[in-house]
Each structure stands twice: as structure tokens, then as C-alpha cells.
Amino acid sequence: MQLRFSIFFILLLLGLTQCKNQQKPDDTLVAKVYESALYESDIESALEEEAGNEVIRAQYVDSWIRKSLFLEKAALSKSDQQEIVDLIDQYRSSLLIQKHKERFVDRNLNKTISEAELNDAYASLKNNYKLRNSIFKIELVVTPAEHADRLDLINYFKKKDIDEWRNSFASQVDIHMQDTSRWYSWEEINQYIPHDLISEEDIDGDEDYFRENDTYLFFIRVYEKIDKNEIAPLSYMKDKLERAILENRKQLLLSEYSSELYTKALQQKKIKIAD
């Protein structure tokens, strides 16, 4: 990544420098280093709305001058130039190959995953998927402490009159995690509940919890809990397993494609290996 960025940066600078060698009509020259010129339009294009900021403008001009000096010095070194050409050739080849692979995979990869494949992958990998933290099937509701039906909400919740409890919220709900079919990690839950009100260890499965502070009321309904260090269930690992299956397919597809290209080239006598 760093090499790619460096080459792109060099190409960009060289391109900009070459453009600045040309005289621009009806434009104001701001700075010149040897044969490279910086015009007012260049600054406006680079800085856009900040072009009028004198501090940022001065910093940009100073940076351009210093970079131009380095480029001028580098241009005098034939060894540097050859190294850059070699790097550009390497990067161009890598980029062409990568783009071709991506297009080939997009056109040919089967992205349909059956339940059987998912189950087989889970059976073979599940021992690697031990939970770092507990996960929960949960309903979490956070409302302002001054909720208009505060007392009713608390009473309905504690009496487990859940239908009345839900009907009493109206629109005064700040947070509502209500998809009880999915697993939530403790990190997802805890970002909405102050650490001093309840901990991961405080919560058991199939229980209700009410907490409050000066600002909010916290209603927590736990339907199921799997403790940390236990094996994660398939439903929790589904997305990760699907990505792993597709990645394996992708690598196999590319390997087969590489072999196909090699075999075809041999048959067409496009490959010659010297004795």
C-alpha cells in the first residue's frame, strides 16, 4: 500500500510539474522553481474554498516550492529516474493483473450459499469461534427520565405486562434495540448503558432489568445469553462464514483460471522455456 501510494504521488507531482511548464494566458504567476511554474488557478484548484486563507495559501506555496526543488534534483539523477521507471512498470503490471482478476471474479463467482454448505463450514470451524464477550438476544429501550408516562412504563415493565409497556412509549424513545432474532454483542449493548448501571456479568438469560439515572430510563429484556468463551452459534457467525466460503471459492476460481490460461498458452505454443 505504501509503495502504491508513493508511486501515485510521484506520478501526480510529475504530471503537475509538466503542466506548470506551459504558459497560461490570463493567469497570475505565483511562484517559479527552475522551469516549473505555479499559477493562481493552480492554487484555487487545489485549495478550493480555502484558497483565500492566507495561512493555508502560504503553506501550500511553500510546500510546492520544496517539492519542486526535490523533483528538480531528482530529475538530474539517472539512477533515480530508472528506479522510478522500474517501479512504475511493476505497479502497472500489478494493477492490470488485479483489475483483470476482479472483473473475472465479478463475472464468474457463484455467490449463492446453501444451508448445507453453511452447516458444513460451521461444523468444521466452530471450535475456532469462541466468544470473547457474551452475546445476547435482547430488547433494549432507552427513554428520557422525564417521560410523560414514566410511572406506567416502570409498573407495566415490572409486572411483565409487555403489551401495555410497549404501548406506553409513544414517540418518546431515544434508543430501541428490538430485533430479538439477532445476537447483540455486549459492546453493542453497553454503548447505550452507562458502565456503572449494569455489567455483562449482571445479566442472565430470560430476565428483565430496569435501571435509571438522572437522564434516562433503561429497560432491558433478555431472551437468551451465551457466555464468553463459549462456542458462538451459527446464527451469530453466519456473515463471517459466508465471507470465508466466498473467499475460498474466489481463490479456487482464480487458481483454476490460472491453470486454464497456462494450459491454453502451452497448447498454442505461446510459452517457450529455454533448455
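These are my notebook entries on a few spots I looked up in this predicted model.

**Ground rules.** Numbering starts from 1 along each chain as its sequence is written, and side-chain values use heavy atoms, with hydrogens and water left out. As the model is predicted, local features need pLDDT of at least 70 and side-chain atom pairs count only at pLDDT 80 or more, while totals for chains, interfaces and linings use all residues.

**Entry: strand β3.** Buried means under 20% relative accessible area, exposed over 50%, and partly exposed in between, with a 1.4 Å probe and protein chains only.

Next I looked up its partners; two strands pair if DSSP finds at least two bridges between them. With β7 (residues 216-226), β3 runs antiparallel over ten bridges, and I135 has I226 as its bridge partner there. Strand β4 (residues 175-177) is joined to β3 by three bridges, again antiparallel, with M177 as the partner of L140. β5 (residues 184-185) pairs with β3 in the antiparallel sense over two bridges, and there I found Y184 opposite F136.

**Entry: D208.** I then went to D208, in strand β6 (residues 207-212). Which side chains does the D208 side chain join by polar contacts? I noted K160 at 2.8 Å and R221 at 3.4 Å. A polar contact is a pair of N or O atoms within 3.5 Å; within protein, one must be able to donate a hydrogen and the other to accept it, and residues adjacent in sequence count only if both atoms are side-chain atoms. Leaving aside neighbours within four places in sequence, D208 is in contact (heavy atoms within 4.5 Å) with F157, K160, I220, R221 and V222.

**Entry: two positive phi values.** Y34 has a phi near 55°, positive though the residue is not glycine. I found Y34 in the loop between β1 (29-33) and β2 (36-39), and it counts as exposed at 54% relative accessibility.

With a relative accessible area of 59%, D206 is exposed.

Notes:
Helix = DSSP H or I, 4+ residues; strand = E, 2+ residues; numbered from the N terminus.
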